[in-house]
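Reader: Please take me through the terms applied to the model shown below, and set each value against its definition.

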Amino acid sequence: MKKIIAFATAASLMLGSMGVTAYGASFADIDTVTWSGFKPFLNQAAELGLMSGYEENGKRYCKPRNNVTYCEAVQLMYSIMKVYTKQDVNDATVTKWKPVISAYNIPEWAYKATAYGLENSILTTAELNKLQGGTKYANREDVGVIFGKALDTVNGYDIKSGASLSYNDASQVSAAAVPYLDLLNRANLMVGDSDNKFNPKKNITRAEMAVLSVKSYNKLTETKADAPVVKKESTVVGTVTDSRVMQNGDLFLTMRTNSGTTLSLFGTKGSVTAKYDGEKISFDDIGTGDTVKVTYEGQYMSAIEVTYSKAGIQKITEETYELVDLTDSRITVKNGSSEDEFRLTNGVEVELEGKKSSVSKLQDAMEDMKYDVTLTLNEDDRVTKIKAVKNANNPTEGYLTDLTNSKITIKAGSREYEYPLTDGDISIKKDGKTMTFSKLKSSYDEYNYTVSLKLNSENEVTGITIKGQEDETKGTLTYMNIRSIKIEAAGEEYSYRVDADDVDVEIDGKKSSYSALKRAFNEDEKAFTVELDVDRDDYVTEIIAKSKNAEGSEGEVTKVTNSEITIKTGSKEITYKFASDVDIKINGKSREIADLKNNYDTYVFEAELEFNSSNRVSKVKAEIKEVEEGVLKDINEDKETITVSAGSIDVVLDLASSVKLSLDGDSITLRKLNNELDYADSENKITVELTYNSSNKVTKVEAAWEEEKPDKGDLYKVYPDDDEIIIKDNDGKKYTYDVKSSVTVSYSFSANVNERWYDKPEDYASSLKGLKKFFGHCDDNNDDCFVTLTVNDGVVTRIRARAE
């Protein structure tokens, strides 16, 4: 009966720690070695506890001719390095590598040794299949590489650039192994046989393993073990041979560098970003066969760039917008001066103020606050992740509508905004004097205060200033005639008598008259807030009137729709609704809302607004202050000016003395550009993009003959509020079209489309809203929406849409 002696692993080598009791040199088969020089190494390997033996029928055998497995070779390397470094591999390292090791079905007794090898780039995942099952025999070349890489981590033992071997069978050694076998040869740890052959593909025997192990042990114990492993950051380019994303999100990457070496590296989730074509990608996008540029130090990567993707990579983009609307399947955001809509993927991730959230919770939060969102989009422009933070432009001034010990709510316009209160002291001021929190809390409901809030970096309220209050004599003007006046204050209406000839009136800081205020209110339909002085007989003796929204009625136009206008005043953007009969003037000429709507995102408009008694915009006086692009209409070489059509209005612009001019990318003089302009007409236009200096003179004119737009293509976006659509041609290039508000839209379906998943064509209505609904159904059903356009004077008058 045979009894195999093993320590804890059932392996034929001593695979655990050093310093255990050895079996000595009493091997019954010690004389069976093929070379007597093996004997002392076998005996010393047993004395050191590196290699044990077999006990059969009461005798001990070393079995020197038996082959050694890869797992056993790795365990021997680890046992020796553990003595040298005076340190065992820690549990965290084993845990980190465990998913990879277990995936290759490596015996559990070899986990620590394998983890040590992987952690120190001694092993690569490409080699782990050799350890699979723990029964595969190792050849001399592979064992030499394992020990050579281990020795390379020790100070004073480095591989050589351009290393070579002088063995007679050196041609049989793989190029990647040469530097490590050369290192072992120079250290006299592993050399050739009597015929100067290395025999690289021959399985290594226990006798040969004893020689390598004992020599390595003796060499390293002669070396000072307190010298640290030197690690320095390096950058290499190579091909991925294995890529695995761990359960914790870390990346394990094996690559063969262009110099022929193999590296196994870690990318820790959150501390290293993978990129492709300059854009962030997921670790999952990196695959075998990809070409990568990696910056690393020791075992860890600090940067990964995929320069070639064998399987192709789906790009991920991140953009930040102002959130406008959110449903269970779509999100609408403000993109500059327009609105964009994106579909949500199933299982979209939502993060609200840095915490994991959901679509429904973000929808609830939108009722009390404006938010900015960073959207992660896949290649199909679908949202995979939403990160929402409070918009920095949320109004901090308005009517105080609610106050608790932890939050304050104010009303600005038609919307309420809720802010948390800081845990510390809150400064409260009224007429320059301090007010207690308890007094404010008990009185705000009675006086309807207008407040201004001071916020800290966490959007918490640290200060409250009472700007005004509505009471029986302070409120909104609601009615006036020659004998009486009414105001609304704190939700109640109050009526007072007036002697028109005996009342002092001030309007927006200027002395005026009762008749002027009455005319402005009744005939011009302007809105006013008023403060009244009333005598004891309830007769008004003084009226201080302010045009409602006077402070926010002038600014740069940032958005226009058919029903609203948004202007930027200081750092705030304010949106107002148009009156039904709004009067629009641009550069002094009467225009339509469409003239503003179609051009506000192309030209810079400064506007002054007037309001009616319903607080709707009754008049817009706009001036084009700066033209960034337009149609070139005229050149005056003597005056050095150009005339550009902006919003159908000709604007004369001064040229700087050093102005740079180009036409279709080629430099051109002012005279030659003027000559080119002679060939322009309504069908062939020269468009320009302009750059200005601090004196508002044009320093650069980039001119181009207007590109002819296609009249058909794939529908890409629909903007009903802006009367715009975007289509894509076969090359994916996008074109934006203005659409007539009374556009005619018709629908059809190809034979491949399941019409049951669509409404009847007549249900879509002949409008852009119907087209948007139709386009949404195309998108939901993964059909293509193809459109053919009829364009007159640059405006789409008819759209024929087809689902394909």
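Reader: Which residue stands opposite Y300 in β10?

Author: The residue opposite Y300 is E297. The model is a predicted one, in which local features need pLDDT of at least 70 and side-chain atom pairs count only at pLDDT 80 or more, while totals for chains, interfaces and linings use all residues. Residues are numbered from 1 along each chain as its sequence is written, and side-chain values use heavy atoms, with hydrogens and water left out.

Reader: What makes β9 and β10 a pair of strands, and in which sense do they run?

Author: Strands are DSSP runs of E of at least two residues, helices are runs of H or I of at least four, and both are numbered from the N terminus. Two strands pair if DSSP finds at least two bridges between them. Strand β9 (residues 291-297) and strand β10 (residues 300-308) are joined by seven bridges and run antiparallel, so they count as paired. On β4 (residues 233-245), β9 again has an antiparallel partner, joined to it by seven bridges. There V236 stands opposite V294 in β9.

Reader: Why is α2 called roughly perpendicular to α4?

Author: Axes are lines fitted to C-alpha atoms, for helices over the stretch in contact, and angles run from 0 to 180 degrees between N-to-C directions. Angles of 65 to 115 degrees count as roughly perpendicular, under 35 as roughly parallel, over 145 as roughly antiparallel and the rest as oblique. Helix α2 (residues 70-85) and helix α4 (residues 111-119) pack at about 70°, with axes 9 Å apart, and α2 is therefore roughly perpendicular to α4. The contact (heavy atoms within 4.5 Å) includes V74, Y78 and M81 of α2 and A113, Y116 and G117 of α4.

Reader: What makes α2 roughly parallel to α5?

Author: The axes of α2 and helix α5 (residues 140-152) come within 10 Å and cross at roughly 20°, so α2 is roughly parallel to α5. Among the residues that meet are L76, M77 and I80 in α2 and V143, I146 and F147 in α5.

Reader: Why is the pair of Y78 and Y116 called tilted?

Author: Rings of Phe, Tyr and Trp (its six-membered ring) pair if their centres lie within 6.5 Å; planes under 30 degrees apart count as stacked, over 60 as edge-to-face and the rest as tilted. A search of the whole structure finds nine aromatic pairs. Y78 and Y116 lie 5.5 Å centre to centre with 45° between the planes, so the pair is tilted. The pair links distant parts of the chain, with Y78 in helix α2 and Y116 in helix α4, 38 residues apart.

Reader: In what order do five strands close into a barrel?

Author: The order is β43-β44-β45-β47-β46, and the pairing is mixed. Neighbouring strands of this sheet are turned by 55° against each other on average, direction ignored. Strand β45 (residues 734-749) and strand β47 (residues 795-803) run parallel and are joined by eight bridges, and F749 stands opposite A803 in β47. Helix α13 (residues 768-780) packs on the sheet, and its direction makes about 110° with that of β43.
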